[in-house]
Amino acid sequence: MALSPAERAYIYDSLVSPQVARTDSRKPTQFRPLKATCSFLPNSNGSSRISTVDGLECITSVKASVLRTNNIDELIQVDVDIQGQRDDSDLCVGISSVLSRALTSNMDRSKLRLTDKYSFQLFIDVVVLSIPVDFQTSSYTLYSLISLASMGCYLALRSTKLPLLVSTTNDKEVEEEPTFSDDWESCVDLIPNDSDALPTLMFVVGIVGNNVIADPSLEEQQVAESGMCIGYNKGNIAAPVQSVSLSTVDGRGFSEKALLRSFDLVRQMGSAVTNALDTIAAQNPGEVEAAF
Amino acid sequence: MSNIISITRPSVKQAKDEDSDDMDIDEELNLNDAKAKEIQDIVVPGELITDDPSWMRGHGTYYLGEKTYSAVAGVILRVNKLLSVIPFKGRYNPETGDHVVGRIVDVTNKRWKVDVGAEHDAVLMLGAVNLPGGVLRRKSETDELQMRSFLKEGDLLNAEVQSVFHDGSAALHTRSLRYGKLRNGIFVSIPSNLIIRAKNYAHDLPGGVSVIFGVNGYCWLYKTKLDNSPGVGPKSSLERKFEAGVKMDAANSAFSPGMGSDAPNKLEEKASWDIYSDKNDSISATTKETISRYRNSLLALSNFNVAVNETRLAKAYEISLGYGDVSELVKSDIQKSIAEDLINDEKMRG
Amino acid sequence: MSRMEVYSPEGLRMDGRRWNELRQFSCQTNTHPNASDGSSYVRQGNTVVLCLVKGPMDTNRATSTTRASADGPVLNINVSYPPFAGIERKKRSKNERRLSELSIVLERCFLKTIVLKNYARTVIEVNLTILSFDGGLLAACCNSITLALIDAGISLYDYVSAVSVGIYSETALLDLNSLEESDLSFVTVGVVGDSDKLNLIMCEDRLPLDKLERLINLGIQGCHQLRKLMNDTVKEVGVELLSKRQ
């Protein structure tokens, strides 16, 4: 859906004006409604499904295995698969590298550590179910998926349950493979409810002139001059922070003012988004049926 | 909840019969068959419709010998002796005379390819458009070379389906001032089967906003051209002349040759280039907000599967004013109440 | 660990079913109305498949370059098998042979089911995502495609419903899970509507020929049962769509 010049002008003029007017009437800080659910995959430790009104949808699975290392970089593996895109496409690589930096930067390592030699390894797999048919002919880049996928990862990690270790944690002297409780009832949450080590959430904001808008729609992305991808954790801006191009045409730099505004915007939205996601994660784990 | 984000769980359908797991083959199951049978004329692929060979077989059917079967899941439609099945869902099926909104996807040899949401892209021949310089002008080779200066990839236009080819694809024309490039507004796409068939698909709505309901489900919401409300500056004579043309054409409701060529002066020449302009008029913030409100009202109806026409849209708009700030209308629970209010309102009036 | 018996002398299978019982089956259509023309979700036991259909549309819209055919649609079936689908995480390459084979078998099957002449010079893209795998992959894919095509309003001659059937010494077992699949020879059959006609048959193991008829008969009965369940869902969703469309 390439926009016509008249449409572009209409949307751009509305967004660039001092009173930002979005064509779908949202406030600059407002997200479009999302649908999400957790723990619906029978074969995964944690999972989530999240979708937008555009029809974009991420399914995320967290699987844990046991690895003999303590190197944090090896312990979290993020893999993004986008339907119709090669695994080595710019989009897949771009999204998975941002996500893995976001998730490793603030992960509570002690939670993954089992014994002196062994740790849990988490495989986080994100599947983007379908991308719009007009992706090839339109000017949006879909880097905005970072935001959706990041929320998916957050939900999946929050719903992740790990088996309880029953063997000793001290294997410095004696070589012993970790063994786990067979009882699934006694599993432990990866992120307990009172934990303060939450995964970093990534936000993608669009920049038009000096204005910054949250959750740009596909139409807005096409007129956006630039975009920022900003991490958020516990009320603060967190690494990684980087600029992303939301559109392949009319890209432009952005002012320092816009940059500061986008930080403000993310700080404003952060806690509301976290709360909304936590509410979903706290609801009873779903059966597969309930997810569709 | 906060005004920033709303996340809900996907709508959970009613749990099916608990016994449905691990069914025995010998067991006769009779889940909802009886209920579905009550609603007449619903058929599924492979279902026998009739073995009477006198029926003509239309869309959505196939036949073996004298028997006619349904090929889609939908509702049987009998018109005179023609039997067809209208699927519950499906792409737009062009018919001659349909007023559609489309987007140019390709410019090729003497024709534009237009996306109208159908199975095939529609074609718009160079010969089927009005070109600047009077309608009676002959199309020259220069015109062929500068087709992109009239319409290019991405441009939106409204047009009429002139004819339908054997494979179901449509040929369009814009040989009337009602049709042509679209400006001053926003595009909204809804399922084509939610557009209520009517005589006229272009309407002025309260609030200085107009709408074109493309029969194909593509809609265009824009600032009304004839805006006589105070506060708008005096119009240029050129604009007025242009509007007069539109009015006259609408009144005749058919293209009359010679129209527009009676004054082959400079002004006329300029006016006809205007129909290919990419520039929007100035649109006030209030009008933009009204357009957004109409957009959300339209989507509210379509998201909850309510068919639309101009009266319903105007009513939904009126209802939406009761839901406070326009930014509230994005939320799906509010969209749902708008759709429900509309239906209840209509029921009360009978 | 003691090996479980595939079929106990009392006539029970590992998951407690009898020989002629299907696993829990549930399905839904129109699950992704904003992302596709037709969509469906099928669950057979612990095998869960999503199917999204885009089209019929002009061939130049296809994601891969496609040459139009004047006789009928080009059917592109893509099977995606995410690493988390099995019990053990395993990353599969996109063009793994088994998956391409699967899509070729399905393409052939559905080219016989779609009313071809209605869709000349178009492309129909079918994207399958296997969310969870526990045996009966071909069958679940086949059922979900049928539902998604119907949801997209594409003309079909009839339903195609499929199920796998295995043989354990003298007994035919219906709808195998992955443990049974690894132990037994099995065949997947796809049936046209409520007839006895087969549209799809696939067997990758050695199978005694004299037993084949028994297997197919059991398979046909299972398919009829599935078709009924699918039919109920299609009608239910249709009635719901109609009810609100005043």
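This is a predicted model: local features need pLDDT of at least 70, side-chain atom pairs count only at pLDDT 80 or more; totals for chains, interfaces and linings use all residues.

Visitor: Okay. Where in chain B is Lys110(B) found?

Guide: Lys110(B) sits in the loop between strand E9 (99-108) and strand E10 (111-115) of chain B. Its phi is positive, about 60 degrees, although Lys110(B) is not a glycine.

Visitor: Which residue of chain A has a positive phi although it is not a glycine?

Guide: Lys234(A) has one, at about 50 degrees. Lys234(A) lies in the loop between strand E10 (226-233) and E11 of chain A. With 13 C-beta neighbours inside 10 Å, Lys234(A) counts as partly exposed.

Visitor: Switching to prolines: what is the peptide bond from Ala239(A) to Pro240(A) like?

Guide: That bond is cis, with omega near -5 degrees, and Pro240(A) is in strand E11 (residues 236-244) of chain A. Chain C has a cis bond from Gly55(C) to Pro56(C), with omega near 0 degrees. Pro56(C) belongs to strand E3 (residues 47-58) of chain C.

Visitor: Back to chain B. How many helices and strands?

Guide: Chain B has 8 helices and 18 strands. Of its 350 residues, 38% count as buried.

Visitor: Is Tyr218(B) buried or exposed?

Guide: Buried, because Tyr218(B) has 24 C-beta neighbours inside 10 Å. Tyr218(B) lies in strand E18 (residues 218-223) of chain B. Leaving out residues up to four places away in sequence, Tyr218(B) touches Val101(B), Gly102(B), Gly117(B), Phe187(B) and Ser189(B).

Visitor: What about the contact between chain B and chain C?

Guide: There, 36 residues of chain B are in contact with 41 residues of chain C. The chain B side divides into 20 nonpolar, 6 polar and 10 charged residues.

Visitor: Last one: which residues touch the most other members of the largest nonpolar core?

Guide: Val205(A), Cys219(B) and Cys141(C), in a core of 222 residues. Helix H2 (residues 137-151) of chain C gives the largest share of this core, 11 residues. As for Val205(A), its contacts include Val212(A), Ile213(A), Met228(A) and Leu265(A).

Notes
Residues are numbered from 1 along each chain as its sequence is written. Chains are lettered from A and ligands numbered from 1 in the order in which they are written. Helices (H or I, at least four residues) and strands (E, at least two) are DSSP runs, numbered from the N terminus. A residue is buried if 20 or more other C-beta atoms lie within 10 Å of its own, exposed if 12 or fewer, and partly exposed in between; C-beta atoms are placed from the backbone. Two residues are in contact if their C-beta atoms, placed from the backbone, lie within 7 Å. Ala, Val, Leu, Ile, Met, Phe, Trp, Tyr, Cys and Pro count as nonpolar, Asp, Glu, Lys and Arg as charged, and the others, Gly among them, as polar. A nonpolar core is a set of buried Ala, Val, Leu, Ile, Met, Phe, Trp, Tyr and Cys residues joined through C-beta atoms within 7 Å.
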